[in-house]
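The structure comes up next.

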Amino acid sequence: MTNETVIEELNTLLRGTYMGIRSFEHYIQKTENNELKSVFQSMQQEIKMNAQKLAERIQNLGGVPADDEGFSGSMHSFMHKAMLPEDTTEMIEDAVKGLDQYGVHYSEELVRGDLDPESRQLAEEVIDTSRRQVEQLKQILH
């Protein structure tokens, strides 16, 4: 495994993290529920911290960190914003689905094999943040 491979994997994870930040921005703008807005804002802050840690790790490996979600991510973001539900419950369900699908499952697939121990631990922390946020949002739904 080369640093180049690790950097590529971490950059893909970083682009996905930027997608998460952008998605939470959509929820924050759309919801009129101040309590929910506050939950979304704190989740977005956690994701921003993860993006910062990923960028630092990429730099420490000699790479250049991605600075946005990439072309396909920005297309996804555009569609997401256009199709965002008005209903608070549906909005939370949409966030749960996105975090679970991209933040957990897709990210787990992504980092399955090609990371050094330090990078793997960081990737796991990023994925654990998504897992925790999924559970937190599910609690709000019930």
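## Arg 112 and Glu 109

Arg 112 is exposed, at 54% relative accessibility. Exposed means over 50% relative accessible area, buried under 20%, and partly exposed in between (1.4 Å probe, protein chains only). The Arg 112 side chain meets that of Glu 109 in a salt bridge, 2.9 Å from N to O. A salt bridge here is a side-chain nitrogen of Lys or Arg within 4 Å of a carboxyl oxygen of Asp or Glu.

## Basis of the model

The model is predicted: local features need pLDDT of at least 70, side-chain atom pairs count only at pLDDT 80 or more, and totals for chains, interfaces and linings use all residues. Residues are numbered from 1 along each chain as its sequence is written, and side-chain values use heavy atoms, with hydrogens and water left out.

How many salt bridges does the structure hold? There are seven.

## Links between distant parts

Glu 46 pairs with Arg 132 in a salt bridge, with the closest N and O atoms 2.8 Å apart. Glu 46 sits in helix H2 (residues 34-60) and Arg 132 in helix H5 (residues 117-141), so this pair links parts of the chain 86 residues apart. Helices are DSSP runs (H or I, at least four residues), numbered from the N terminus. Glu 46 is partly exposed at 27%. Arg 132 is partly exposed at 45%.

Glu 86 bridges to Lys 30, the closest N and O atoms being 3.2 Å apart. Glu 86 lies in the loop between helix H3 (70-82) and helix H4 (88-110), and Lys 30 in helix H1 (residues 3-30), so the pair ties together parts 56 residues apart in sequence. Glu 86 is exposed at 63%, whereas Lys 30 is partly exposed at 29%.

Technical notes. Helix = DSSP H or I, 4+ residues; strand = E, 2+ residues; numbered from the N terminus.
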